[in-house]
Amino acid sequence: MSKQDQAFSLPRRTFCAGSLGLATLGPLALGGCGGGGQRAADATGSASQQAAQPAPPTQAPQPPQNAQGRRFKHPGLLHTEEDFARMRSKVAAGAQPWTDGWNALLGTGRSHLNNSPRPLQTVIRGGADSNFAQLYIDVARAYQLALRWKVSGDSAYANKAVEFLNAWSSTLTSITGNADRFLAAGIYGFQFANAAEIMRSYAGWAAADLQRFQSMMLNVFYPLSHQFLEQHNGADITNYWANWDQCNLAAVLAIGVLCDREDLYNEAVSYYRTGRGNGSSSQAVPFVHSGYLGQWQESSRDQGHCTLGIGLAGVFCEMAWNQGDDFYGYDNNRFLAGAEYVAKSNLSDANGNPYYTAMPFDTYINKQGTGTGISPAGLPSIRPGWEMIYNHYVNRRGLAAPFCAQMAAKVRAEGDGGNGDQLGGGTLAFSRDPLAASVAPSGLTARLVGGKVELSWWGTATATSYTVLRSTVAGGPYSTVASGISGLLTYTDSGMAPNTYYYAVTAQTAAGNSSVSAEARVVTGTAPHTVLQFSETQGTTASDTSGNARHASLLNGAQWTAGKQGNAVLLDGVDDYVALPAKLMDGVADFTIAVRVFWDGGRNWARIFDFGSGTTHYMFLTPQAAGAGLRFSISLANGWGDQSLSSAPLPSGQWVHVAVTLSGSTGTLYVNGSAVATNSQMTHAPFRMRSTTQNWIGRSQYSADPYFNGKIDDFRIYNGALSAAEVAALAT
């Protein structure tokens with residue numbers, strides 16, 4: 001492999017959230033991570049049992065023939081050559097805060113030449129005889145020495161860094177312990193890869209030594225990270241908290257770049273986008289509140305693990321960014337929503353009142369228990385890592401991130417990472433000048449919630465306030481709805497006649513008004529979204545007569561038959577079903593789904609409909625749930641914490657009209673026009689499932705569930721919740 005810096009320019013890739021890819025302390029306080037040597041619980045809750053005989057990791061897969069389709073940028077993990085040039089220039093000029101960051105680096109005991117490596121053949125983390133501190137201390141030394149070389153140009157630091165890298169690559173053969181061995185592979189794996197990625201361009205590091213180091217990363221670190229992401233130590237998918245996935249995702253991606261292994265890189269990217277574990281994008285931030293505060297997966301656990309997870313996810317995003325992939329901005333800046341939530345949770349207002357006591361929280365349930373609010377345990381958790389996140393969003397992209405900014409200021413200037421959980425040095429490495437000009441507000445969404453229009457948007461770094469604009473015509477002209485908005489960037493509009501409305505936002509800055517944001521469209525009142533009358537007599541396409549072209553396909557032999565009114569679709573209970581388009585419920589909050597059903601009876605859990613993207617996010621209606629009956633349910637977390645409406649089993653052998661409505665947080669289930677169940681705590685609206693890819697009538701997201709046996713007629717989806725009288729009229 002070439003030892004030369006590669007300074008080519010990469011086109012930035014962005015991803016749609018639904019696109020397919022290949023992954024209070026109390027009952028929620030189980031498990032641990034971090035350099036403090038805490039013990040982590042397995043699926044049985046016993047940490048001591050895990051150390052007995054850990055399963056051997058699989059060997060790293062060999063690259064497929066002609067696999068090098070992607071040209072990786074080197075150095076291209078946390079830092080690029082452009083980043084090092086900026087650091088050198090700013091330090092030479094005595095500019096702040098880079099100079100303070102440089103001095104903080106010089107002040108750590110790990111960046112000096114008088115240290116010697118202490119390599120181990122076997123690293124143990126968790127259980128008896130743990131010795132992992134020797135590894136993370138030497139990793140930190142190698143990384144800090146590499147930084148000193150790149151900024152100062154003094155080859156003595158390069159030679160010392162190489163000494164550490166070579167000592168470990170010629171000695172280390174295994175990482176073991178209890179479940180914490182996966183944390184060691186993940187955290188120290190991505191960190192070690194970063195140190196080596198910096199040094200790969202040093203002429204004094206022999207090619208054979210680089211290759212031996214790459215072999216160590218592929219055969220000692222990667223197999224454990226890969227095994228964890230695939231198997232989660234044999235536990236329920238929700239058992240391990242977000243940071244377990246996130247450190248291993250960071251390791252797999254970093255090793256992929258270091259070793260020019262596109263397959264490893266893609267493995268990490270795919271999991272982040274569509275993985276079922278708690279470290280994937282949608283699971284790490286399971287609920288985004290109004291104003292884009294993104295509830296973090298560990299928020300009800302403790303704050304130390306929240307800030308750890310933010311730092312690890314930030315590392316993943318930064319490394320991918322330097323390879324041309326934007327996961328910082330993925331799913332409308334979902335990571336920023338989570339970072340702002342965690343930052344605010346650890347801060348207080350000007351009067352010293354903690355923010356967390358008044359912040360929104362959606363009840364969160366997983367294998368570990370039920371979380372009902374933000375945990376104050378560990379408050380405030382102040383650790384390095386915020387400079388990277390703050391500087392990306394505020395100075396690189398021009399967005400407002402007020403709470404991340406406050407956290408970065410508290411840590412500045414970042415020095416040593418401390419206990420091995422993070423590398424540190426972020427003030428020197430990630431500080432950048434702000435953009436020359438302000439950007440417009442972005443990411444505006446408009447949703448019908450409880451019959452009112454709820455707006456949220458991302459702000460501008462230099463804004464002092466915002467103005468909301470509205471029109472009944474795309475592109476305007478607009479009228480001002482509200483002005484002087486500051487603080488949480490959300491606004492609720494109401495009182496308009498039913499219509500289609502177009503919203504936009506401008507920012508007020510010291511230089512004047514910004515340009516107008518991109519529009520967000522919303523339909524107030526109720527309007528047909530999808531109407532499948534199933535009136536066809538031949539072919540395999542069911543036309544959507546709503547005018548929105550969401551046509552459906554009859555699959556595996558589904559047939560036309562006589563219906564309640566005209567024709568219907570006949571499903572055999574074996575493998576027939578109807579497929580609707582992807583992204584079917586995108587942006588939908590308030591809704592109505594109504595359908596005529598003739599159920600021939602059968603086993604539990606057959607589906608009248610099931611919209612989702614596998615078993616992670618879905619909403620379904622079944623004629624008979626086990627031990628329940630007719631049931632509508634929506635889940636955002638692998639079947640845990642689902643929100644439901646239930647009634648008596650659906651009568652079989654007859655036509656029955658069934659409808660489900662959601663208005664704000666109130667869901668109602670109707671049978672033959674009469675309400676049979678109500679739930680006023682349904683916060684999981686369809687849009688929270690993100691873009692669904694498997695939207696089915698007659699088939700479940702779970703492969704073991706039976707197919708629907710019977711007939712389906714007049715299937716309707718409405719934007720907005722029909723009233724009880726409107727549902728009764730529809731039923732008759």
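Biologist: In which segment does Pro 75 lie?

Modeller: This is a predicted model, in which local features need pLDDT of at least 70, side-chain atom pairs count only at pLDDT 80 or more, and totals for chains, interfaces and linings use all residues. Residues are numbered from 1 along each chain as its sequence is written, and side-chain values use heavy atoms, without hydrogens or water. Helices (DSSP runs of H or I, at least four residues) and strands (E, at least two) are numbered from the N terminus. On that numbering, Pro 75 falls in the segment before α1.

Biologist: Is the peptide bond from His 74 to Pro 75 cis or trans?

Modeller: The residue concerned is Pro 75, in the segment before α1. Omega of the bond that joins His 74 to Pro 75 is near -15°, and the bond is cis.

Biologist: Where does Asn 556, with phi near 60°, lie?

Modeller: Asn 556 is a residue other than glycine, yet its phi is positive.

Biologist: What is the volume of the largest pocket?

Modeller: On a 1 Å grid over the protein atoms alone, a pocket is an open set of points with protein on both sides within 12 Å along at least five of seven lines, a cavity is a set where a 1.4 Å probe fits but cannot get out, and lining residues have an atom within 4 Å of a point. Points are joined across faces, edges and corners, and volume is the space filled by probe spheres set on them. For the largest pocket this comes to about 1100 Å³.

Biologist: Which element gives the most residues to the lining of the largest pocket?

Modeller: The lining of the largest pocket has 45 residues, of which Arg 447, Asp 586, Gly 587, Val 588 and Phe 687 are the closest to the centre. Elements that contribute two or more residues are β3 (287-289), α11 (330-345), β7 (442-449), β8 (452-458), β14 (520-523) and β15 (527-532). The most, five residues, come from β7.

Biologist: Which element gives the largest share of the lining of the second largest pocket?

Modeller: The second largest pocket has a volume of about 460 Å³. Its lining comprises 23 residues, with Ala 400, Pro 402, Gly 487, Leu 488 and Leu 489 nearest the centre. Two or more residues each come from α11, α13 (402-411), β8 and β9 (463-471). The largest share is three residues, and the element giving it is β9.

Biologist: Which residues lie closest to the centre of the largest cavity?

Modeller: The largest cavity has a volume of about 190 Å³. It is lined by 18 residues, and those closest to its centre are Val 315, Gly 385, Met 388, Gln 422 and Leu 423.

Biologist: How many residues does α10 give to the lining of the largest cavity?

Modeller: Two elements, α10 (303-321) and α14 (426-430), each supply two or more residues to the lining of the largest cavity. The largest share comes from α10, and it amounts to four residues.
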